[in-house]
Each structure stands twice: as structure tokens, then as C-alpha cells.
Amino acid sequence: MRFDVLTLFPGMFTGPLSESILKRAIQAGCIAVVLHDIRAYATDRHRTTDDAPYGGGAGMVMKPEPLAACIRAVLAMNGGGETGHNSPVILLTPDGEPFTQRIAAELATYPRLVLVCGRYEGVDERVREALITRELSIGDYVLTGGELAAMVVIDAVARLVPGVIDSESTAEESFSDGLLEYPQYTRPAVWEGRAVPPVLVSGHHGEVAQWRRRERLRRTFERRPDLLVRAALTDADRAYLRTLGWSDPGNGGTGREHRSPVE
Ligand code: 6GU
């Protein structure tokens, strides 16, 4: 899988891509990250990439011409196959669609993603209309630019690409089934007076599995009760959650408050 990243600050990516799992994934050829400096597509003497907003106001807006030229040049580059045609062109922007594990899994099915990092107070709206196919935000807070958000998307998508990490790790994890993870322990059995839960050293695999399931349910109920509406719950899960004080919304997991009898 290939990620083309369009940015005014390509240096922001070199650190995260040079360590650990992403470094190895690149070395192994599982993923490629190609950085494109938008400033290289500016044609004036000062290589200008931003300008004042029409109508006035604070900050600067990314000019359409260099960004459009960069996007078009990148789409015309052939990554050694049919990768150029249906690649999503994704703008990272705080007013985008909230990025989720579901979207990461969907993006991991493409051979190539084009990630456009917005800077300044924004990108000229006409470039968004003409060339951007999707807009993503990584949460309800404001970053200085889309670079760190693009890096988050690359990380979340890359680990779903076959061969990047052990597939056992992604199959059962948080958000795939809508529950948070159970707590983890390793040696020593007692650390600073705190013992590991005895069930984990009991050797009873069935009891370990039940304990872990219940810990996932308890954590999700305590920390992210909003996730329980869409989680895949069994009758036993619901019974356990009720012992914790949870009341089943009873809407069939549709997330709707009310359901008319004829539906
Ligand atoms: Cl994608 N960009 C910026 N600048 N800020 C953000 C964001 C993106 N997602 C959350 N905050």
C-alpha cells in the first residue's frame, strides 16, 4: 500500500516513519510513504503557497494553484500499476468526518491513498470542491496543521495492511467489536505489594476468558458507555452489565430512542 502525502512540512514525517513498526513495514515493502513538498509546485519567485482570505479576517489561506498542481502531479504518478485511478484524495481538516477504526479498515482496502495536509486557516474551498474526495478529522481539538493527523491516519491504516503486524493482534482488538480491552499483566506476580488477579495464574482457560470478557464490559461501561449501544453483546453480557447498574436501552442497537410498533 502506498501513501502519498502532500505537505508544506515534509520533515514532520521523518521521525515517526523511522522508528519501530512503520520503519520495518517500509523496509519490508508492505507500505511506502512518498512525501511531496507543496512548495515545490509554487511558480512565483518567492514560492508563495498562502494568501490573505477574501472578505478579510485572521490568518492565511492555502492558495489553490500550487496545491492543485501538486495533487494533479501526484495523481498522474503511477505507483507501478493501476494505483493512479480511484485513489481517494483525503484532506485532513478539523471540519472533516470523524476518523474511526471503521474508516481505517475501509481505507486499508485501497492500494493507494493521497493525503493532503491543510495548513494556515484552511484551504481554498474551490480546491476542496474540485479535487478532494474525502475530508477527515482526528478529533474535536485544533492542531496547527494536518500533518500530525495524516500521520495518525497512516499509522492506523498501515497496521491493518497484511504483513505489517501479527494479524491476531488486530482481529480481537478494541473498536473492532466495540468494546475496550481487558487489563494486561506480566511478571513479577507481585509488584510493590500489588498482586496479579489470581484467575490469570490459575491455569483455567475458561475462567480467564470469562474474566477478560467481563473486564472489557466493565471498562467500557465505566469509561465509554456510549460504545455499548453499538457493541456486539450476548444475553450473558447484558446480564453481567445489569449487575453493574447498566440499563439496556432495548432499541435493538439501532441507536434510536424510539421504535414505532409497525417498524
Ligand atoms: Cl485533520 N487538522 C487540524 N488542523 N486539526 C485537527 C484535525 C485535523 N483533526 C483534529 N484537529
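This is a predicted model: local features need pLDDT of at least 70, side-chain atom pairs count only at pLDDT 80 or more; totals for chains, interfaces and linings use all residues.
Two elements each give two or more residues to the shell around the ligand, namely β5 (89-98) and β8 (134-137). Of the elements, β5 gives the most to this shell, contributing three residues.

The residues that surround the ligand are Leu-92, Thr-93, Pro-94, Leu-136, Ser-137, Ile-138, Gly-139, Tyr-141, Leu-143, Gly-145 and Ala-149. Sorted by class, seven residues of the shell are nonpolar and four are polar, while no charged residues are found there.

At Tyr-141, a backbone N or O atom is placed 2.6 Å from a ligand nitrogen. At Ile-138, a polar backbone atom lies 3.0 Å from a nitrogen atom of the ligand. The side chain of Ser-137 also takes part, with an N or O atom 3.4 Å from a nitrogen atom of the ligand. The ligand taken alone exposes 290 Å², and 96% of that area is buried by the protein.

On the scale of the whole protein, the model is divided into domain 1, covering 2-167, and domain 2, covering 190-251. A distance of 38 Å separates the C-alpha centres of domain 1 and domain 2.

Definitions and conventions. Residues are numbered from 1 along each chain as its sequence is written. Side-chain values use heavy atoms; hydrogens and water are left out. A residue is near a molecule or strand if one of its heavy atoms lies within 4 Å of it. A polar contact is a pair of N or O atoms within 3.5 Å; within protein, one must be able to donate a hydrogen and the other to accept it, and residues adjacent in sequence count only if both atoms are side-chain atoms. Accessible areas come from the Shrake-Rupley method with a 1.4 Å probe; for residues, only the protein chains shown count as cover. Helices (H or I, at least four residues) and strands (E, at least two) are DSSP runs, numbered from the N terminus. Ala, Val, Leu, Ile, Met, Phe, Trp, Tyr, Cys and Pro count as nonpolar, Asp, Glu, Lys and Arg as charged, and the others, Gly among them, as polar. Domain bounds come from an automatic or database domain assignment.
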